Amino acid sequence: MKIIKYLCLFLLLNSCSSKYKVIEDFIVENEKHDSLNKNVLIREKNNLSKTLSAYMRVGLGKKNSKEKLKIVKEINNKYSKEKKGFWNKNDFDIVDFDIIDLDSVDSYINNRKKTLLNKYYFNKISLFTISNPYFYNKNAFFYITKFQKRNYEYEDVIIMKKIKGKWVVIERIPNYFPDL
């Protein structure tokens with residue numbers, strides 16, 4: 001009986017974070033990490049419709065519009081019943097995010113500035129909004145926005161593929177028109 005409990009606990013813990021490994025691999029490979037840098041994640045996930053519309057809108061990338069439409073339909077059918085989601089600390093094993101609500105961004109930044117001795121450290125805050133990863137044909141994609149020093153830095157659709165046990169970016173499509 002104990003073995004079954006431990007096995008269930010292991011599977012539960014492993015399944016919670018493995019879905020988001022693709023996002024962690026992206027952050028680890030593409031963002032600066034030092035003891036002064038603080039990654040902050042907005043609790044509310046970017047939703048499926050925003051992710052799919054950005055994917056269709058951002059240009060063809062390596063796929064033509066017919067291929068993209070097929071992918072969008074496949075993902076929409078698979079994930080359309082997905083409810084509004086929220087990030088929590090247990091979703092990530094490697095990346096240490098402070099997770100905050102959107103309406104508390106200003107107070108978080110102001111409190112952080114007060115506790116730091118030098119404004120240089122304030123500049124090390126990276127603020128992210130991220131969608132769930134969506135999986136298709138051994139690939140995954142997600143929508144990510146990054147703000148640095150309260151300035152918009154990028155808003156991209158990231159497409160990744162698992163190669164030798166690690167998720168690797170195979171395409172990064174910038175969204176040049178995020179407000180459309």
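**Close-up views of a predicted model**

**Figure 1. Thr 145 lies in strand S5, which covers residues 139-148.** The model is predicted. With a relative accessibility of 3%, Thr 145 counts as buried. Leaving aside residues up to four places away in sequence, Thr 145 touches Asn 46, Leu 127, Phe 128, Thr 129, Tyr 152, Tyr 154 and Glu 155.

**Figure 2. The protein has 6 helices and 7 strands.** Read from the N terminus, the order of elements is α-α-β-α-α-β-α-α-β-β-β-β-β. The protein has 180 residues, and 40% of them count as buried. Of the contacts between residues at least 6 apart in sequence, 63% join residues at least 24 apart.

**Figure 3. Helix H3 (residues 48-57) packs against helix H4 (residues 65-79).** The angle between H3 and H4 is about 175°, and their axes are 10 Å apart. Angles over 145 degrees count as roughly antiparallel, and H3 and H4 are therefore roughly antiparallel to each other. On the H3 side, the contact is made by Leu 48, Leu 52, Tyr 55 and Met 56. H4 contributes Ser 65, Lys 68, Leu 69, Ile 71, Val 72, Ile 75, Asn 76 and Tyr 79. Sorted by class, the contact of H3 with H4 has 9 nonpolar, 2 polar and 1 charged residues.

**Figure 4. Tyr 20 and Phe 92 form a tilted aromatic pair.** The protein has 11 aromatic pairs. In the pair of Tyr 20 and Phe 92, the ring centres are 6.0 Å apart and the planes are at 45°. Tyr 20 is in the loop between helix H1 (2-18) and helix H2 (21-30), whereas Phe 92 is in the loop between H4 and strand S2 (97-100). The pair links distant parts of the chain, as Tyr 20 and Phe 92 are 72 residues apart. Tyr 20 is buried, with a relative accessible area of 8%. Phe 92 is buried, also with a relative accessible area of 8%.

**Figure 5. The rings of Tyr 134 and Phe 141 form a tilted pair.** Their centres are 6.1 Å apart and their planes are at 55°, so the pair is tilted. Both Tyr 134 and Phe 141 are buried.

**Figure 6. One aromatic cluster is formed by Tyr 20, Trp 87, Phe 92, Phe 97 and Phe 128.** The cluster includes Tyr 20 and Phe 92, the two partners of the tilted pair with 6.0 Å between ring centres.

**Figure 7. Leu 102 is in the loop between S2 and helix H5 (105-115).** Its relative accessible area is 58%, so Leu 102 is exposed. Leu 102 and Leu 41 are 61 residues apart in sequence, and the distance between their C-alpha atoms is 9.1 Å.

**Figure 8. Lys 138 has a positive phi although it is not a glycine.** The phi angle of Lys 138 is about 65°. Lys 138 lies in the loop between strand S4 (134-136) and S5. Its relative accessibility is 73%, so Lys 138 counts as exposed.

**Figure 9. Lys 164 also has a positive phi and is not a glycine.** For Lys 164 the phi angle is about 50°. Lys 164 is in the loop between strand S6 (151-163) and strand S7 (166-174). With 84% relative accessibility, Lys 164 counts as exposed.

Technical notes:
Residues numbered from 1 in each chain as written. Predicted model: local features only at pLDDT ≥ 70, side-chain atom pairs only at ≥ 80, totals over all residues. Heavy atoms only, no water. Helix = DSSP H or I, 4+ residues; strand = E, 2+ residues; numbered from the N terminus. Buried < 20%, exposed > 50% of the residue type's maximum accessible area, 1.4 Å probe, protein only. Contact = heavy atoms within 4.5 Å. Axes fitted to C-alpha atoms, helices over the stretch in contact; angles between N-to-C directions. Parallel < 35°, antiparallel > 145°, perpendicular 65-115°, else oblique. Nonpolar A, V, L, I, M, F, W, Y, C, P; charged D, E, K, R; others polar. Phe/Tyr/Trp six-rings, centres within 6.5 Å; stacked < 30°, edge-to-face > 60°.
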